[in-house]
Amino acid sequence: MGSIRSLVKRKHRLVKAVDGVSFEIDEGELVGFIGPNGAGKTTTLKVLSGLLYPSSGAVSVLGYIPSERKTVYQKQFSLIMGQKNQLWWDLPAMESFILNKEIYEVPDRDFRETVGGLAELLEVEDILKVQVRKLSLGQRMKCELIAALIHSPKILFLDEPTIGLDVVMQKKMRDFIREYNRQKRATILLTSHYMDDVKELCKRVIIIDRGKILFDGDLLEIIERYADHKLLTVVFAKKIDEKKLVKIGELREYNFPRAVISVKRSAVSVAAAELLQEYPVADLNIEEERIEDIIREVFSGKEIA
Amino acid sequence: MKKYVAIFAVSWENEFVYRLNFVLWRFRNVVRLLLTFFLWKGLLTSNSNVFGYSKSEMFAYVFLVLLVQSLVLSAPSADNVGGEISSGDLSNYLVKPIDYLKYWFTRDLSSKILNLVFAGVEIFFLWILLKPDIGIVFRISSGVGFAIALGLAVVIYFFLNVTTKFVAFWMPENTWGITFLTLVLIEMLAGVIFPIDVMPVWLKTTVQFTPFPYLVYYPIAILLGKLSGWGLIRILLQSCAWMILMFFAAKLIWKRGLFNYQSEGR
């Protein structure tokens with residue numbers, strides 16, 4: 001019945017994808033944009049690329065309004081989505097590169113240099129003449145990247161640049177992004193699910209959830225600001241009663257001989273002393289909480305100061 | 001300009017990837033020609049005259065349909081624009097310094113030229129095979145009128161076609177329905193299967209107020225000398241009007257559509 005009803009009358013619900021997201025990025029910055037699925041990351045990138053018209057508010061990149069889609073602006077940025085292809089599926093990647101060269105009006109010499117340099121760096125020189133459909137995912141992603149960089153953009157919007165890549169390729173991609181940022185003084189805004197991407201690349205992060213910015217600043221600052229607990233990792237010499245440990249702090253895991261206890265910052269020294277005195281401790285480690293966990297906590301609705 | 005030359009070149013190359021597809025599409029047109037040819041051949045005796053067409057004029061009409069539709073109705077934009085909007089692939093074009101409509105018009109042109117070459121070859125062989133007795137008088141004015149009408153038809157079809165595909169901006173899931181509807185209307189009302197003179201007068205008159213007969217029927221009727229003088233000029237002017245109308249409709253809906261565009265699919 002429901003499906004018949006929806007054939008006649010469909011209900012629409014207006015959902016705000018981004019709401020009051022406000023930030024500024026300087027030239028040459030490499031900023032990470034993180035948040036859970038559906039947080040509004042990609043939407044923000046789409047607005048910055050001029051694909052979506054913001055229903056309210058103002059957007060300005062390099063002094064241009066993205067949604068006006070001016071050629072001068074379009075020649076200076078590139079939007080790279082890990083799951084969107086622009087290469088011609090049935091033709092060799094080189095054909096798509098040549099087409100982009102003409103579309104962006106890149107001079108012959110620059111084109112040869114860019115393609116040659118990138119192909120060498122990404123180790124794809126021998127596959128540029130192969131039909132794109134016959135390439136592996138990793139090879140194709142590399143070619144997609146080259147296609148997006150033909151016009152040497154000053155700004156990169158990278159949406160999940162490492163999605164679907166194996167660990168080795170992920171690392172290469174990260175190295176590449178870092179190099180591109182350094183060499184060309186390019187401004188890069190990247191989104192990722194992988195904390196490693198962000199940790200390795202970005203000094204500054206913007207955390208967004210349900211369309212709102214939760215945090216904008218130095219990655220390390222997140223720890224100072226939100227991590228009011230530290231982790232004590234204890235290795236015991238003998239088996240002990242699990243229940244007793246609960247008194248010291250929140251027991252995160254206990255797998256003899258190893259236990260992880262979360263303790264309030266202010267109580268860390270007391271807790272450590274207690275552990276050493278009263279239990280057969282073989283090893284003790286005091287660490288900051290993992291950044292993933294802190295961010296997860298931020299997302300799960302902890303009050304933001 | 002240079003970028004559109006590059007698009008033409010890549011598109012041309014791409015056409016050759018799906019050789020079998022292309023051959024089958026051409027085959028469909030040849031089968032239709034054979035079907036209508038034998039139908040009229042069976043119905044008409046050498047001196048009969050139906051719907052104002054002599055036997056040789058009807059044969060000429062059947063052959064000209066193959067030529068005209070290769071030029072006017074072959075358009076890869078028809079198969080792709082709707083899909084690109086609903087899948088969000090349109091985003092690839094929107095971020096680049098390129099005009100989406102010009103892009104597809106260029107790609108259509110490359111396909112039309114390829115189809116025209118094939119239509120020429122097909123007509124040559126079918127002519128040898130069927131030996132139609134076609135004896136029509138060719139007048140310069142008809143030839144010029146035909147060329148103009150054909151050019152207008154190409155443009156009308158392009159804008160008509162993309163405008164209907166723009167429905168995808170509002171109803172991404174419904175592109176197939178509207179594609180199919182236009183396809184059927186064109187088959188019936190454009191004069192692809194038979195000249196619209198076959199229709200009852202009231203229908204023929206009504207159809208004139210749709211863009212469809214300007215795509216295939218009128219160019220051929222002009223070449224066959226069915227229209228001349230003021231009648232010819234009137235049809236060319238109406239054709240122009242349709243082109244202008246479809247152009248503005250396409251531009252307007254495109255602009256509105258972009259405001260509504262969600263760039264879905266990530």
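Reply: Two strands count as paired if DSSP finds at least two bridges between them, a strand being a DSSP run of E with at least two residues, numbered from the N terminus. The model is predicted, so local features need pLDDT of at least 70 and side-chain atom pairs pLDDT 80 or more, while totals for chains, interfaces and linings use all residues. Residues are numbered from 1 along each chain as written, chains are lettered from A and ligands numbered from 1 in written order, and side-chain values use heavy atoms, without hydrogens or water.

In chain A, four strands in the order β8-β9-β7-β10 make an open sheet with antiparallel pairing. Its edges are β8 (250–255) and β10 (281–288) of chain A, each of which pairs on one side only. Neighbouring strands of this sheet are turned against each other by 15° on average, direction ignored, the axes being lines fitted to C-alpha atoms. Seven bridges join β7 (residues 229–236) of chain A to β10(A) in the antiparallel sense, and A:Leu232 has A:Ile286 of β10(A) as its bridge partner.

Where the chains meet, 31 residues of chain B are in contact with 33 residues of chain A, contact meaning heavy atoms within 4.5 Å. Between chain B and chain A there is one salt bridge, defined as a side-chain nitrogen of Lys or Arg within 4 Å of a carboxyl oxygen of Asp or Glu. B:Lys2 forms a salt bridge with A:Glu102, and their closest N and O atoms are 3.7 Å apart.

Key. Axes are lines fitted to C-alpha atoms, for helices over the stretch in contact, and angles run from 0 to 180 degrees between N-to-C directions.
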